[in-house]
Amino acid sequence: AMLSHVDMPPSSKLALLSSFLGAAAASMQFAAAESLTGDVACSVFAAGLFAFSNTAWKFSTQFEVFALNNIFSSSILLLTLHFLRHQRGWTPLLGSFLCGLALTNQHTIVVLVLVSVVFAVWRSRLSLLHPRRMLVLLVLFVLGLSPYCYLFVAGSRPPMGSWGLFQDMRGLLRHVLREEYGTFQLYTSGRSELSSNTTSVQTWESRWKRNVADYWSNLNEETAGVGPFLFVLGLILLLLAKDANQVTGGAYLVVYLAVYMAIFTSLANLPDSKFYDDILRRFWMQPNQVVFLVIAYGASTSVQSLLNVRAGQFVRPVVLAAIIALQLMRNFPRRNMYNNMIVHRFALDQLSALPPHSIALCSGDLNYFPVLYLRSCERRRQDVLLLNTAMMKGEWFQAQQEFLSTPVVLPGRRYAPEVPHCDEHVYNLRCFLEANL
């Protein structure tokens, strides 16, 4: 709403909004690190590591759910660390609302919500488990989930490209559970990850090893090669901490990181292919926030032991700034999107090649959404009808197109390209073409 009167393309406005969210997430990262360490310089270091990491930078300059998820997760980390240290009464109230709101955006946040609730209740059982207090917290949590109510309003007139049909509880539940995405999984096409001779245990073990190795490799790449070493150092120092508040905060971070990695690496069932690496690595930003907090603690504690040495006071800012500068130098060439119009030109070329009044079947986000943007936001080629083959596989798609009075004939309930024959329930590409030519 604030950007509605700004004279720039809609895509630029949304990218600018993501940039604001990314900057806010980095600020929350700084505050969380300062709550854990009490060290401003090392907190700036933690915020810089996160903000200028390749993946966080990437999703802070394009419109996706992950920039918003980053600010939610960093805010919940901050509130939990603050509550574990101070037990302020307002913290659980705000935290309950934020937890509900975060769950309407991205599913992986559920691990952070559960671990945060467990540690908060453990820290202040008598206060939080009082019936009246629990009722207030539950009401605030449900209030945070209220954006789902908007789906009923939006479902009364779904726009072109809308995923799902929300006119009943079944449609809402399908969306809440992200059923088309696999519900806590990332791949739903049925393609096996390993050969048919492997057992489920072997599949799980191979998946876990591959995903953990990918995370470790990604952490090394994101932090100019120093992240794994600094994390291990910080973890050791955190486990040896003598301050009770730091021990509790450290336990919270370690447990959350362990639970997230155990659950996500077990369920992330993407095929072992370079093509899917980018999809997988966007989910590493959440654990990275914890890793960077641990790194900040390690940097703060190890440097404090050098403060008695006169040179230590001067070496610290230089070393920390050098690491951030190295990270910036490595990632800026990849993240500099100034005057990058490749996707826009690609979409224009696709549209210009289509005959008048065409039906265009698009497979994949890169082929569909840029063209949809040109048609919906720039009002280009209104004679062309765009259909997303991934959406056509949904059982709701036929009902949605009938509701929108789309001028297309769907010979069955859902598109299933693998079936040899068509009926009223499923149809393949041959049957679709015969019905519309």
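Helices here are DSSP runs of H or I with at least four residues, strands are runs of E with at least two, and both are numbered from the N terminus.

This is a predicted model, so local features need pLDDT of at least 70, side-chain atom pairs count only at pLDDT 80 or more, and totals for chains, interfaces and linings use all residues. Residues are numbered from 1 along each chain as its sequence is written, and side-chain values use heavy atoms, with hydrogens and water left out.

**Whole chain**

Show the protein chain as a cartoon. It has 21 helices and four strands. Of its 437 residues, 44% count as buried. Buried means under 20% relative accessible area, exposed means over 50%, and partly exposed is in between (1.4 Å probe, protein chains only). Contact means heavy atoms within 4.5 Å. Take the contacts with a separation of 6 or more: 70% of them join residues 24 or more positions apart.

**Stop 1: Ile-109**

Select Ile-109, in helix H6. Is Ile-109 buried or exposed? Ile-109 is buried, with a relative accessible area of 0%. Now show its contacts, leaving out residues up to four places away in sequence: Ile-109 touches Asn-69, Ser-73, Ile-76, Ala-102, Leu-103 and Gln-286.

**Stop 2**

On a 1 Å grid over the protein atoms alone, a pocket is an open set of points with protein on both sides within 12 Å along at least five of seven lines; a cavity is a set of points where a 1.4 Å probe fits but cannot get out; lining residues have an atom within 4 Å of a point. Grid points are joined across faces, edges and corners, and a volume is the space filled by probe spheres set on the points.

The second largest pocket has a volume of about 510 Å³. Its lining holds 21 residues; select Pro-92, Ser-96, Val-117, Val-121 and Leu-137, which lie nearest its centre. Colour H4, H5 (90-103), H6 (109-123) and H8 (131-144), the elements that give two or more residues to this lining. H6 has the largest share, six residues.

Colour by residue class next. Ala, Val, Leu, Ile, Met, Phe, Trp, Tyr, Cys and Pro count as nonpolar, Asp, Glu, Lys and Arg as charged, and the others, Gly among them, as polar. The lining of this pocket divides into 16 nonpolar, five polar and no charged residues.

**Stop 2: the cavities**

How many cavities of 30 Å³ or more are there? The count comes to three. The largest cavity holds about 60 Å³ of space. It is lined by 13 residues; Met-160, Gly-161, Phe-397, Gln-400 and Gln-401 are the closest to its centre. Strand S2 (385-388) and helix H20 (397-404) are the elements that give two or more residues to this lining. H20 gives the most, with four. Eight of the lining residues are nonpolar, five are polar and none is charged.

Move to the second largest cavity, with a volume of about 40 Å³. Select Ser-35, Leu-36, Leu-81, Leu-84, Arg-85, Asn-245 and Gly-249, which line this cavity. Helices H1 (10-37), H4 (65-86) and H13 (244-267) each give two or more residues to the lining. H4 gives the most, with three. This lining has three nonpolar, three polar and one charged residue.

**Stop 3**

Show side chains here. Phe-231, Leu-235 and Leu-238 in H12 meet Gln-246, Gly-250, Val-254 and Leu-257 in H13. The contact has five nonpolar, two polar and no charged residues.

**Stop 5**

Most residues other than glycine have a negative phi. Select Asn-339, in the loop between H16 (312-335) and H17 (342-352). Asn-339 has a positive phi of about 60°. Asn-339 is exposed, with a relative accessible area of 63%.

Finish at Arg-381, in the loop between H18 (365-376) and S2. Its phi is positive too, near 45°. Arg-381 is partly exposed, with a relative accessible area of 23%.
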